[in-house]
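Subject: Structure handover

Hello,

Here is the structure I said I would pass on. Please look it over when you have time; my notes come after it.

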Amino acid sequence: MISLGYNSLKLCVESASTTMVIKKLLIASLLFNSATVYCANGFVVKDIHFEGLQRVAVGTALFSIPIHIKDIVTDEDISNTIRILFATGKFDDVRVLRDGDSLIVQVKERPIISSITFSGNKTVKEEMLQQNLGTLGVRVGEALNRATIANVEKDLEDFYYSIGKYRSMVKAVVTPLPFNRVDLKLVFTEDISAKIQQINIIGNHAFTTDELLSRFQLRDEVPWWNVMSDRGYQKQKLGRDLETLRSFYLDHGYVRFNIDSTQVSLTPDKKGIYITLNITEGAQYKLSGTIVNGNMAGHSAAIERLAKVQPGKLYNRAKVIKIENNIKQLLDHFGYTYPRVATHQEINDADKTVKLYINIDAGNRFYVRHVNFEGNNITKDSVLRRETRQMEGAWLVSNLVDQGKDRLSRLSYFETVDTEMQHVLGSPDQVDVVYKVKERNTGSINVGVGFGTESGISFQFGIQQDSWLGTGNSVGFSGIKNDYRTYAELSITDPYFMVDGVNLGGKIFYNDFNADDADLSDYGMRSYGAGIILGFPISENHSLSFGLDYMHDDLTNMEPQVAMWRYLNSVGINPKVATTDDKTDSYATFSADDFFFLMGWSYNNLDRGYFPTSGSHTLLTGKVTVLGSDNEYYKITLDASHYIPMSESGNWVLMGRARIGYVDGLGGKEVPFYNNFYAGGFNTVRGFRSNTIGPKAAYYKCSAGNTHYSDCPVEKSSDAVGGNAMVIASAELIVPLLSDKYANSVRTSLFVDTGTVWDTKWQNTKETRAAGIPDYREPGNIRVSSGIAIQWMSPLGPLVFSYAQSIKKYDGDKLEQFQFNIGKTW
């Protein structure tokens, strides 16, 4: 039996070998100084046997090789057989032996991966590792390729080197198991990133080194307050910093600027890095003019206006790129979606000028055949279609497609919105625009729960459906039932009451409120009413609204207190003086019917409805009583929020919120005390119990000798009465604490809330001073709290948890550290 292995000596013998034949073959081999001589005639295979097969079936192995029984086999056929079997990726070793007229194929199957685990990986997430290994064919159930595993080790270590972790190692541990299986474990030994000790720039004269380094992401010094930066080295960041440096010089006219060399030196212990950049600044160049040519699709005059530059101005690459983008946007507006705009520079070193040659190829004009939607299993197509701005049959305009995407994202019906242009087969100038959406739960159950050391537990309930039965109409019912309030409200909004986007909303409500049990000044109020409002879009981001409200209020059991009696006196009601012992006459009653005219202005350019990462939302609302009302006053409120992304991924976001309100009487009348502003609680200043920030009730305590309430002494309390002015401000840092896969469903933030409420009509008298009551006209009594909040888009709706500690509080404030709410996010 003679072994015929791959890359080994192959001999083909038709009969029993003799010494003389072997000698002749060896002599021939030496004489011709060539590879082993193979039998040209071969031999006829009468049988083929496989040895070592476990999982691979014999039939599968026979089918994959080029040799079959009764074939005349040569050495070349055997070599091809070995190569083909190796190429299947199922074998670690292949040998072919001849036994007479039979071939014996000996194989060693590669083991199957039974499990893949990771240990010590903190920088690289397990999901990313699984995904990358899968693309290389390293997955559970596949054969183990040791060469591939070695490359994986090297590639991972190269990755760690690129982020400055030079002492990190990756080792693949393969543990054999029965039945030719193995466990694969990647063991990571991670080290901290090497710290940049110094960044040197050599050759800079026009700008200082500090000025240039201030634009770098890499730092050799980091101020204590800069929590977003560190001195860790990353190769990718260095590449971006070099491009930033190049762009900075080109934007200041240094056309011949060049980075001559980049030297990265590692300290012997691999913990420190020194970076040296050698640059040549060159001279500043000025523009001498522009020449535009090419296929401009009939818009040459407009393009030449866009490309016009003022001769003598310093060359600025950013402005050149802006010219190119403006030309592309112009052509895109007319359906030329994929124009090619290239700028060639003619540099004159003699007079230090640059002439721009802008070459344009407008390309094909594209038309939209269909606008399609995918993923909207609940929301009707008509609801999505009315938000798009790209029309079917019209030119394709990328800006209009993007506007549709932005408007769909703001609806709050969808978790993600993506767009895709699909070319129509057989039609080179037509595309289908496809909006791919992932729907979220548009309904929510609104449950508010709060707990504090001083407040105990509070509770509220409501149901809201932002897209009722997929129609886009909002239907909501909210109700509160507790010791001091019974409240119910039904609201309906049609966002497209008219085809041009005019929306119509309406509500009815009922309220039975006992303020004494709600930490407010003592009174009872039963009210009901209805309202209607129309909204008018005036641009993509701006809208106006107008409406009418009616409200009936019955007030009872009003215990005499300064702010309340001030209001009653202004509307012509002067309750008789009652002593503290005469409980039957100590409470006043009052009824009012009021009609309001409502006005509002809104601006919204948030990138999405839920969990926005950029943009602003501003809402200015006002209402004023109209003819026929028992009260006369106006009320104005401004709410604003702004999101600033701190990272490219949008995981780090700085958010600011503000609320400003003012209400005042008309015609000499006071504002109804029950329409004051209040602060404290989940939506204003977290960490404080709802509505407890601001002025407190000063109760009259009259005796038999008092003939008027102004003569009665007063007594301070902790019951809130609110004020006619309010300012709330919050700063919030949204941070990523969970995997990126939860970025659209979970949000964590650190916050600082501040707020104050005051009464501009308050009058400090000797009675209030004697009672130790502060001057509630002062707006400077600012409360401050800080804490952490977590939001989760659960199947029940948005769940929000917050825990806050007060930093600054005043007498009478009531704290509520932990607060929980369903149905409200920011």
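Predicted model: local features only at pLDDT ≥ 70, side-chain atom pairs only at ≥ 80, totals over all residues.

Salt bridges

The structure holds 29 salt bridges. Three of them are described here.

Glu109 pairs with Arg55, and their closest N and O atoms are 3.4 Å apart. Glu109 belongs to strand E6 (residues 102-109), while Arg55 sits in the loop between strand E3 (47-51) and helix H2 (58-64), so this pair ties together parts that are 54 residues apart in sequence. As for cover, Glu109 has a relative accessible area of 3% and is buried.

A second bridge links Glu540 to Arg407, with the closest N and O atoms 3.2 Å apart. Here Arg407 is part of helix H11 (residues 398-410) and Glu540 lies in the loop between strand E24 (524-537) and strand E25 (542-558); the two therefore tie together parts that are 133 residues apart in sequence. Arg407 counts as buried at 16% relative accessibility, because buried means under 20%. Glu540 is partly exposed, with a relative accessible area of 30%. This pair also belongs to a network: salt bridges with shared partners join Glu387, Arg389, Arg407 and Glu540.

Glu392 is partly exposed, with a relative accessible area of 40%. Arg385 is partly exposed too, at 34%.

Helix pair

Helix H8 (residues 300-307) and helix H9 (residues 317-333) have axes that come within 9 Å and cross at roughly 155°. Angles over 145 degrees count as roughly antiparallel, and H8 and H9 are therefore roughly antiparallel to each other. Their crossing is right-handed.

Surface patch

Which residues make the nonpolar surface patch of about 410 Å²? They are Leu750, Ile788, Ile790, Tyr803 and Phe818. Of these, Leu750 lies in strand E34 (residues 746-758). Leu750 has 42% relative accessibility and counts as partly exposed.

Regards

Notes: Residues numbered from 1 in each chain as written. Heavy atoms only, no water. Patch = residues over 30% accessible without salt bridge, like charges linked within 9 Å, V, L, I, M, F, W, Y side chains within 5 Å. Areas by Shrake-Rupley, 256 points an atom, 1.4 Å probe, with all protein chains shown as cover. Salt bridge = Lys/Arg side-chain N within 4 Å of Asp/Glu carboxyl O. Helix = DSSP H or I, 4+ residues; strand = E, 2+ residues; numbered from the N terminus. Buried < 20%, exposed > 50% of the residue type's maximum accessible area, 1.4 Å probe, protein only. Axes fitted to C-alpha atoms, helices over the stretch in contact; angles between N-to-C directions. Parallel < 35°, antiparallel > 145°, perpendicular 65-115°, else oblique. Left-handed = near helix turned anticlockwise from the far one by under 90°.
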